[in-house]
Amino acid sequence: MDIVLLILGLGLILVGANYLTDGSAAVAQRFHMPEFIIGLTIVAIGTSMPELVVSVVSALKGQSDLAIGNVVGSNIFNVFLILGICALIAPLALTRSTIRRDIPIGMVASLMMLLFACGGDLHLTTTNEITRWEGIVMVAAYIALMFYTIRQAKKELPATEEETPAEKELPMWLAVVMIAGGLCGLIFGGDLFVDNATSLARRMGISESVIAITLVAGGTSLPELASSVVSLLKGKADMALGNVVGSNIANILLILGLSSTIHPLSLGGITLVDVLMVVLSSVLLFLSAFTFRRRALDRWEAVIFLAIYVGYIGWLIR
């Protein structure tokens, strides 16, 4: 029964990703907004809902390992596995604004998590804990970032209007229904997948921290994987990249921020190495703009990303 429910959950995720992508693209066209911005905001937050639910509930139950491990594992999964798979399908072009603004913001968010969560290991504080006031700072930073993103999108509006070809517009009510239905499919499918995957893992005697970084993080990141791959196959590479970058920023600033505001989060079984892997992922994504094919995540870099992920998971389980 667990295996059947796993497959059912995966099916809901794939169908939900398809509807969410189509509905979001229709909204972007209706308001003449760049597709990357839609990916960075609406799609990114929507596909981050499973992480938000898991981390907030974990914080309420005092399960810090699960709350932090879910975000750490999801961000590693997003960059090394999702972008690795997408770049294998087709090299991902990195725009000037992505290189100068969006990816660096992700790097700053990763460093904030490192400083806040690993203060004890870095000899900055006495404990490895994200406090309530640090959580408030993270949430405030995310809200400020959203305002900044929307403001920048308005400045870029004239150029994007000229470059975007005319397409048949979907009715607004249909686009809203598709987005809502897609999000429901992603959230319920992700929950179904995670619950049954976690149940199977516990029967095998795997620790909570490993479950959080691998199965729970992978399960809650399946919406990002499905949405990014579907976006890429539909020729919307900007939305695929914006989805991953935006999700990683939302995972740290919004999800960890809200969770630690509810209840301070101690690092627990999550190690400094795990958090450093998140920082490494954001740094390597930035460096990929200047290697092999300039301003693109190339297939060779995709292979490197996937190899790093496999090696890390193998080390973690061992």
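**Entry 1: the overall picture.** I'm working with a predicted model. I looked up the make-up of the protein chain and got 13 helices and 4 strands. Then I checked burial: of the 318 residues in the chain, 54% are buried. I also looked at contacts between residues at least 6 apart in sequence, and 84% of those join residues at least 24 apart.

**Entry 2: a helix pair.** I picked H4, residues 64-89, and H10, residues 222-233. Their axes come within 10 Å and cross at roughly 25°. Are they roughly parallel or roughly antiparallel to each other? Angles under 35 degrees count as roughly parallel, so H4 and H10 are roughly parallel. I noted the hand of the crossing too: right-handed.

Next I wanted to know which residues make the contact. From H4 I wrote down Phe77, Asn78, Ile82, Ile85, Cys86 and Ile89. H10 brings Glu224, Leu225, Ser228, Val229, Leu232 and Leu233. Sorted by class, the contact has 9 nonpolar, 2 polar and 1 charged residues.

**Entry 3: cysteines.** How many disulfides does the whole structure have? My search turned up 0. Cysteine 118 has a relative accessible area of 0%, so I put it down as buried. Cysteine 184 comes out at 39% relative accessibility, and I filed that one as partly exposed, because that label covers what lies between under 20% (buried) and over 50% (exposed).

Technical notes:
Residues are numbered from 1 along each chain as its sequence is written. This is a predicted model: local features need pLDDT of at least 70, side-chain atom pairs count only at pLDDT 80 or more; totals for chains, interfaces and linings use all residues. Side-chain values use heavy atoms; hydrogens and water are left out. A disulfide is a pair of cysteine sulfur atoms within 2.5 Å. Buried means under 20% relative accessible area, exposed over 50%, partly exposed in between (1.4 Å probe, protein chains only). Axes are lines fitted to C-alpha atoms, for helices over the stretch in contact, and angles run from 0 to 180 degrees between N-to-C directions. Helices (H or I, at least four residues) and strands (E, at least two) are DSSP runs, numbered from the N terminus. Angles under 35 degrees count as roughly parallel, over 145 as roughly antiparallel, 65 to 115 as roughly perpendicular and the rest as oblique. A crossing is left-handed if the near helix is turned anticlockwise from the far one by less than a right angle, and right-handed if clockwise. Contact means heavy atoms within 4.5 Å. Ala, Val, Leu, Ile, Met, Phe, Trp, Tyr, Cys and Pro count as nonpolar, Asp, Glu, Lys and Arg as charged, and the others, Gly among them, as polar.
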